[in-house]
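Here's a quick briefing to read alongside the model. Keep the 3D view open and follow along.

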Amino acid sequence: MNKQTEPFLLDESVATEAAPQVGISRPHESAHLHVAGTATYTDDIPELAGTLHAALGMSARAHARIRSISLDKVRAARGVVAVLTADDIPAVNDCGPIIHDDPILAREVVQFIGQPVFLVVASSHDAARRAARLGEIEYEDLPPVLSPEAAHAAGSYVLPPMHLTRGEPAARIGAAAHRDSGHIRLGGQEQFYLEGQISYAVPKENDGMHVWCSTQHPTEMQHAVAHMLGWHVHQVQVECRRMGGGFGGKESQSALFACCAALAAWKLLCPVKLRPDRDDDMMITGKRHDFVFDYQAGHDAEGRLEGVQVEMVSRAGFSADLSGPVMTRAICHFDNAYWLPDVQIDGYCGKTNTQSNTAFRGFGGPQGAFAIEYILDNVARAVGRDAFDVRRANLYGKGERNVTPYGQTVEDNVIHELLDELEASSEYRARRAATRAFNAASPVLKKGIAITPVKFGISFNVAHFNQAGALVHVYNDGSVLVNHGGTEMGQGLNTKVAMVVAHELGIRLERVRCSATDTSKVANTSATAASTGADLNGKAAQDAARQIRERLAAFAARKAGVDVSEVRFGDDLVVAGELRQPFDELAREAYVARVQLWSDGFYTTPKLHWDQSKLQGRPFYYFAYGAACSEVLVDTLTGEWRLLRADVLHDAGRSLNPALDIGQVEGAFIQGMGWLTTEELWWNQNGKLMTHAPSTYKIPTVNDCPETFNVRLFQNRNVEDSIHRSKAVGEPPLLLPFSVFFAIRDAVAALGDYRINPPLTAPATGEAILDAADAVREAVAAQE
Ligand code: MTE
Ligand code: HPA
Ligand code: MOS
């Protein structure tokens with residue numbers, strides 16, 4: 001795999017002649033701890049004496065009134081100290097992030113199988129879990145709604161529908177030379193963070209609560225706990241050093257665990273830890289929304305779209321959670337990289353009696369973009385052209401055909417150049433011809449190949465979330481401690497922020513250390529989400545570091561008797577006229593001279609505006625681009641397949657740390673491939689999720705990675721003034737493995753000489769591939 005280590009030239013470098021500290025590959029700040037097993041996750045924090053352990057008792061019915069709850073056997077079980085229900089919550093029984101429809105513990109009505117109803121607190125983790133099974137709940141069943149289709153048919157939604165129209169799509173489709181319509185099914189996805197949900201709550205003096213929580217959103221956990229207890233926000237402190245992965249699953253849904261641990265700690269006045277095991281975690285928490293799409297498209301003989309109408313229905317689950325902003329992002333990514341002249345998009349968040357679906361890497365963007373890719377894939381076969389050529393014919397233009405359906409002009413389009421480069425480096429044309437030749441001679445094993453592009457909007461689609469704060473301390477020995485509002489979940493945010501600070505102060509990265517995210521240090525933070533962690537917190541930390549540098553520069557200038565503009569920081573030195581002093585020495589002298597050596601910093605993303613009622617505005621500061629070429633081999637008699645080779649070219653702008661960014665691209669590619677192929681969520685006829693453990697839910701392993709995996713960063717710089725002109729990289733590459741799905745579909749289409757659109761559903765499991773292959777064979781037979 002490629003590793004790019006060339007430093008970039010930096011236009012805004014403070015250390016122009018000195019070695020830059022950004023734009024170079026550096027290991028993750030905790031890599032040595034990860035591999036040695038010494039990185040502290042929430043469950044590794046040494047437990048205080050008297051710590052108790054909690055477990056949740058869960059609903060066994062999808063939708064029912066609770067007639068009675070008998071918890072006597074639970075209370076009598078060995079080691080049990082207390083059993084709590086909704087009646088024990090002192091203030092508000094709600095942990096919903098936007099709309100307050102998320103009970104912490106169900107009362108009167110249960111709304112999905114797995115919904116927490118009571119909380120057992122016991123002397124050990126094991127005792128709590130065993131006791132939780134002994135609860136006896138009598139239910140009176142109510143009719144459940146178990147699929148997005150059923151919710152839509154019943155008009156049952158968690159939020160009002162969203163509508164976006166440009167032009168006259170119905171008329172354009174009616175007048176088009178060719179028309180296509182269809183139904184697309186796209187499955188959901190479990191986040192499968194390696195470290196599950198966990199919270200450890202410790203009561204503090206004078207009605208205080210300290211919660212260590214594996215969360216992407218410490219501030220919201222702080223609010224949720226305060227809201228539940230009826231406290232002021234300043235009474236609650238939430239801390240998170242790192243997560244063992246979040247992937248969106250800990251953006252809002254860590255709240256239930258934080259609230260339950262804090263409730264028990266408040267009630268019993270002792271430390272309480274809540275760590276659900278994997279099965280319970282999967283039964284309780286929401287996942288990526290599965291979607292169904294119904295569309296109509298009109299196009300010309302070349303496959304250029306003229307009008308498109310799409311109805312998107314998501315499975316929101318029993319409550320709103322983040323389903324609204326997820327749908328908004330799905331609608332704002334239906335265009336992906338394509339100009340859609342006349343378009344209508346209708347979005348419905350179906351209310352179902354299943355887990356409340358939530359954020360997952362891409363946040364609806366992958367779902368919206370998948371639909372247009374599927375439509376173009378169909379159109380290409382309908383007009384008998386290579387799907388890549390049809391995709392290219394529909395791309396956003398430069399200076400024209402460049403306004404999105406939601407009114408934002410695409411000003412930074414690099415997809416044409418990027419695709420040119422990938423088409424050449426992947427040898428797409430030659431390999432496509434070779435694939436066709438292979439298939440002509442191979443009746444059962446079929447090869448397929450596809451290139452798909454990505455355009456992904458960067459910024460929270462709720463404008464006020466686009467802010468961040470940081471706190472930078474320079475100690476008098478010249479060592480630096482950075483705290484910011486972002487959280488570390490493996491993505492390397494702390495490494496990037498530390499690099500930005502080191503660069504700003506012209507010092508070695510080794511001098512800079514990041515501390516745990518803590519609501520008592522930086523207040524009112526946003527979730528580390530929407531891929532904005534480094535963009536927002538990097539800028540905030542840069543602002544703080546710059547203020548300290550300016551004070552040090554003024555001090556050095558006074559000392560050297562030169563103008564402050566002549567002071568240079570770099571290579572761990574401060575140079576001012578004749579003065580040439582190590583940074584740590586200067587810091588010590590500045591301290592003695594009573595110079596403030598710490599500072600806060602703040603950042604807000606400029607240029608954003610958004611009218612949610614009209615779905616119009618500029619929701620994104622900029623776009624990140626990418627493309628991938630995948631080649632697969634499919635056994636059309638068993639549905640087995642392999643990814644033979646993948647070539648990826650991804651735009652991280654002027655990367656802050658190419659090694660970390662390539663890691664993000666590789667990880668997102670494989671994670672997205674899992675979503676679209678092997679990972680299948682399956683609820684039985686009663687609404688019980690049957691795929692709630694790795695034994696039944698198949699995530700990719702290292703064996704599923706292609707033997708040839710060429711991942712490169714596209715040489716680019718952000719046209720917007722982002723942190724050192726880099727681009728966010730966390731989520732956009734999750735869309736790259738669309739190419740895997742459409743390569744599989746291409747292979748199956750070979751059975752019908754590429755004239756029949758295989759009805760392949762996502763995820764393309766072995767079973768789904770076989771069904772699609774059978775359908776193509778039957779269609780061929782029917783034609784003969
Ligand atoms: N990478 C790792 N290793 N672990 C994670 O949990 N989450 C992803 C992405 N990459 C994740 C990850 C998601 S959903 C987002 S929004 C971003 O990281 C958040 O971090 P960033 O904004 O700092 O990129
Ligand atoms: N991504 C993640 N979380 C969010 C977003 C988003 O775009 N908008 C609101 N919360
Ligand atoms: Mo990422 S889904 O925005 O946490």
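This is a predicted model: local features need pLDDT of at least 70, side-chain atom pairs count only at pLDDT 80 or more; totals for chains, interfaces and linings use all residues.

Residues are numbered from 1 along each chain as its sequence is written, chains are lettered from A and ligands numbered from 1 in the order in which they are written, and side-chain values use heavy atoms, with hydrogens and water left out.

**Around ligand 1**

- Ligand 1 has 18 residues around it, and the closest are G246, F247, M489, G533 and Q664. A residue is near a molecule if one of its heavy atoms lies within 4 Å of it.
- That shell splits into five nonpolar, 11 polar and two charged residues. Here Ala, Val, Leu, Ile, Met, Phe, Trp, Tyr, Cys and Pro count as nonpolar, Asp, Glu, Lys and Arg as charged, and the others, Gly among them, as polar.
- Domain 1 (31-39 + 467-604) and domain 2 (412-460 + 618-784) both contribute residues to the shell, so ligand 1 lies between them. The domain bounds come from an automatic or database domain assignment.
- On the backbone side, a polar atom of F247 is 2.9 Å from an oxygen atom of ligand 1, and a polar backbone atom of M489 is 2.9 Å from a nitrogen atom of ligand 1.
- R361 uses its side chain: a polar atom there lies 3.3 Å from a nitrogen atom of ligand 1.
- Taken alone, ligand 1 exposes 530 Å², and the protein buries 91% of that. These areas come from the Shrake-Rupley method with a 1.4 Å probe.

**Strands and sheets**

- Eight strands make an open sheet in the order 3-5-1-12-9-10-11-20, with mixed pairing. Strands are DSSP runs of E with at least two residues, helices are runs of H or I with at least four, and both are numbered from the N terminus. Two strands pair if DSSP finds at least two bridges between them.
- Strand 3 and strand 20 (517-518) sit at the edges with a single partner strand each, so one side of each has no neighbour in the sheet.
- Strand 5 (residues 116-122) is mostly covered, with seven of its seven residues buried. Buried means under 20% relative accessible area, exposed over 50%, and partly exposed in between (1.4 Å probe, protein chains only).
- Strand 1 (residues 52-58) runs antiparallel to strand 5, joined by six bridges, and A54 stands opposite V121.
- Strand 3 (residues 80-84) is also antiparallel to strand 5, through four bridges. L84 stands opposite L119 there, while A82 has V121 as its bridge partner.
- Another open sheet has three strands in the order 4-2-6, paired antiparallel. Its edge strands are strand 4 (109-110) and strand 6 (136-141), each pairing on one side only.

**Backbone spots worth a look**

- Most residues other than glycine have a negative phi, and most peptide bonds are trans.
- F247 has a positive phi of about 55 degrees. F247 sits in the loop between strand 11 (236-240) and helix 7 (255-268) and is partly exposed, at 27% relative accessible area.
- F363 also has a positive phi of about 55 degrees. Its loop lies between strand 15 (342-351) and helix 10 (365-383), and F363 counts as buried at 11%.
- The peptide bond from A762 to P763 is cis, with omega near 5 degrees. P763 is in the loop between helix 18 (738-749) and helix 19 (766-783).

How values were computed:
A polar contact is a pair of N or O atoms within 3.5 Å; within protein, one must be able to donate a hydrogen and the other to accept it, and residues adjacent in sequence count only if both atoms are side-chain atoms.
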